[in-house]
Structure formats: structure tokens, C-alpha cells
Amino acid sequence: MEEKTNIIKDLSIEEREEIFVDIARTLEDTAREALVEGNMHFAVLSNNMAEAIRVNADELARDDPENAERVLLEATAMISQFEAVHPYRMVSMAVH
């Protein structure tokens, strides 16, 4: 994910917006896992950040690339923090 932050200025608006949507989706997944593990505080923070990014993805992609990069760095830091504490993610083997 860090390589995405280095090239965000070189991307088109549509590509930037897609990155923000992907980051929001990853944050939502992380929030869901944190909630299952009982970490309500992290789940709420991650979910709120995901919602804010998703709502503002268009503006983040169009406006100042410096701010967009800052938001992207904060989101990736949040995801990295969760992955550092939980290196072995839950995998569901359920068949539906």
C-alpha cells in the first residue's frame, strides 16, 4: 500500500477515487474483524474513517493531492496497526 502513496500524484482522478474506495473497503473489513475480536474502540475508529473516506472519495481524488496523500497515509497506518497486532487474520471456512 505504501507504493500507492508514492504515485498518487501521477494517477488520474478516477484511479485515485478507486484507491480511496479500496482503502475504505479494507478499513471496513478491518473494523469487522476487530469487532469480532471484541476490540470495539478500534472497530468504531476504523469504520468511521472508512465512512469518511467513502463519502469524500470524489473530493479527495479531485482536490489537493497533498491532502489526499495524507489521508491515504493515515488510513494505511490504521490498517498496518491492526495487522501488526493481529498478524494471523481469521479465515472463514464456512460453506454457504
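Biologist: In which hand, left-handed or right-handed, does α2 pass α3?

Modeller: This is a predicted model, and the answer refers to its coordinates. The axes of α2 and α3 come within 8 Å. Where α2 passes α3, the crossing is left-handed.

Biologist: How are α2 and α3 oriented to each other, roughly parallel or roughly antiparallel?

Modeller: The axes of α2 and α3 cross at roughly 160°. Angles over 145 degrees count as roughly antiparallel. The orientation of α2 to α3 is therefore roughly antiparallel.

Biologist: How do the residues of the contact of α2 with α3 divide into nonpolar, polar and charged?

Modeller: From α2, the contact with α3 includes F20, I23, L27 and A31. From α3, the residues include F42, M49 and I53. By class, the contact of α2 with α3 divides into 14 nonpolar, 3 polar and 3 charged.

Biologist: How are α2 and α5 oriented, roughly parallel or roughly antiparallel?

Modeller: Helix α2 covers residues 13-36 and helix α5 residues 65-85, with their axes 10 Å apart. Their crossing is left-handed. The packing angle is about 25°, and angles under 35 degrees count as roughly parallel. Helices α2 and α5 are therefore roughly parallel.

Biologist: How many nonpolar, polar and charged residues does the contact of α2 with α5 have?

Modeller: On the α2 side, R16, I19, F20 and E33 are among the residues that meet α5. On the α5 side, P65, V71, M78 and F82 are among them. The contact of α2 with α5 has 13 nonpolar, 3 polar and 2 charged residues.

Biologist: How are α3 and α5 oriented, roughly parallel or roughly antiparallel?

Modeller: The axes of α3 and α5 come within 11 Å, and the crossing is left-handed. In this contact F42, L45, S46, M49 and I53 of α3 meet residues of α5 including V71, M78 and F82. The axes cross at roughly 150°, and over 145 degrees counts as roughly antiparallel. Helix α3 is therefore, relative to α5, roughly antiparallel.

Biologist: Is the pair of F42 and F82 stacked or edge-to-face?

Modeller: A search of the whole structure finds 1 aromatic pair. The rings of F42 and F82 have their centres 5.2 Å apart and their planes at 20°. Planes under 30 degrees apart count as stacked, so the pair of F42 and F82 is stacked.

Biologist: How many residues apart are F42 and F82, the pair that links distant parts of the chain?

Modeller: F42 lies in helix α3 (residues 40-55) and F82 in helix α5. F42 is buried at a relative accessible area of 8%, and F82 is buried at 2%.

Biologist: Is L45 buried, partly exposed or exposed?

Modeller: L45 sits in helix α3. The relative accessible area of L45 is 39%. Buried means under 20% and exposed over 50%, so L45 is partly exposed.

Biologist: What share of the residues in the protein chain is buried?

Modeller: The protein chain has 5 helices and 0 strands, in the order α-α-α-α-α. Among contacts between residues at least 6 apart in sequence, 71% join residues at least 24 apart. Of the 96 residues in the protein chain, the buried share is 32%.

Definitions and conventions. Residues are numbered from 1 along each chain as its sequence is written. This is a predicted model: local features need pLDDT of at least 70, side-chain atom pairs count only at pLDDT 80 or more; totals for chains, interfaces and linings use all residues. Side-chain values use heavy atoms; hydrogens and water are left out. Axes are lines fitted to C-alpha atoms, for helices over the stretch in contact, and angles run from 0 to 180 degrees between N-to-C directions. Helices (H or I, at least four residues) and strands (E, at least two) are DSSP runs, numbered from the N terminus. Angles under 35 degrees count as roughly parallel, over 145 as roughly antiparallel, 65 to 115 as roughly perpendicular and the rest as oblique. A crossing is left-handed if the near helix is turned anticlockwise from the far one by less than a right angle, and right-handed if clockwise. Contact means heavy atoms within 4.5 Å. Ala, Val, Leu, Ile, Met, Phe, Trp, Tyr, Cys and Pro count as nonpolar, Asp, Glu, Lys and Arg as charged, and the others, Gly among them, as polar. Rings of Phe, Tyr and Trp (its six-membered ring) pair if their centres lie within 6.5 Å; planes under 30 degrees apart count as stacked, over 60 as edge-to-face and the rest as tilted. Buried means under 20% relative accessible area, exposed over 50%, partly exposed in between (1.4 Å probe, protein chains only).
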